[in-house]
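Subject: Structure for you to look at

Hi,

Here's the structure I promised to pass on. Have a look at it first, and then read on for what turned up.

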Amino acid sequence: MNYEFHYIQGKDAVRLDMIHKLERPLDQGTVAEICGSLDISRQTFYNYFASKTQMVHWYLTFLSQFYLASIGRSYTWREGLRKTLQLCQHEQASLTRCLPRSKSGASAIKSLYDLQLFWIRLRVDQIKQVLGGRDVADGTIALVHYAEVYVAAEASLLYGWIAEDMAVSGEEVADFIAGCVPPMLYQELSLQVCVHVKR
């Protein structure tokens, strides 16, 4: 198990174990086939995930909580992104099996679109939670719009990097993504602002 997850217990530990044991891409098998490869019943699967899609959503949410959700609280943009991409490299096999690989056909395009929308909602909510602890006055609406634009780019760049088998170094990609953050948002979620607010 990944060193990041040694303390995970209960249902989350079981969910993660199921994802780590996947033998083939999720979009190439039915729930019944997944259950067969994991040697579990369909009922056991549904005790932990409502669907294959929810399995992917849980996994992405789980991975994002370690560093991305803490940008502006515990990590700078570059630190949070670099650590996240290092984590993705450790999880490369599972990420590759969870994310849709095909880019052709209506259902594949819809899967990618739905996944991007999920990521945008997740990450914008995470950024809003950090901003919620700040006195940003009238700039909040503008910051949320900046967050929405940035996160759409973040989603596309992360997916592209994973889909291309992480051929470019994680640090290089993380630094490029950090450079895409609108300056006003970048500044607002800098650790210096966080320290100033706490005084």
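Let's begin with a hole inside the protein. The residues around the largest cavity split into 7 nonpolar, 1 polar and 1 charged. Lining this cavity are Leu68, Ala69, Ile71, Trp77, Arg123, Gln126, Ile127, Val130 and Leu189. Helix α7, which runs over residues 106-132, gives the largest share of that lining, with 4 residues. As for volume, the largest cavity comes to about 30 Å³. Searching the whole structure for cavities of 30 Å³ or more turns up 1.

Keep in mind that this is a predicted model. The average pLDDT of the protein chain is 89, and 89% of the residues score at least 70. Go carefully at residues 194-199, though: pLDDT stays under 50 there, and the model has 5 contacts beyond four places in sequence for this stretch.

Now back to helix α7, where you'll also find Gln116.

What does Gln116 touch, apart from its neighbours within four places in sequence? The answer is Ala152, Ala155 and Ser156. Take Ser156: it sits 40 residues from Gln116 in sequence, yet the two C-alpha atoms are 7.5 Å apart in space. With Ala152, look at the backbone oxygen, which is 3.3 Å from a polar atom of the Gln116 side chain.

Cheers

How values were computed:
Residues numbered from 1 in each chain as written. Predicted model: local features only at pLDDT ≥ 70, side-chain atom pairs only at ≥ 80, totals over all residues. Heavy atoms only, no water. 1 Å grid on protein atoms, 1.4 Å probe; cavity = no way out; pocket = protein on both sides within 12 Å on 5 of 7 lines; lining within 4 Å. Points joined across faces, edges and corners; volume = space filled by probe spheres on them. Helix = DSSP H or I, 4+ residues; strand = E, 2+ residues; numbered from the N terminus. Nonpolar A, V, L, I, M, F, W, Y, C, P; charged D, E, K, R; others polar. pLDDT = per-residue confidence, 0-100. Contact = heavy atoms within 4.5 Å. Polar contact = N/O pair within 3.5 Å; in protein donor to acceptor, adjacent residues only side chain to side chain.
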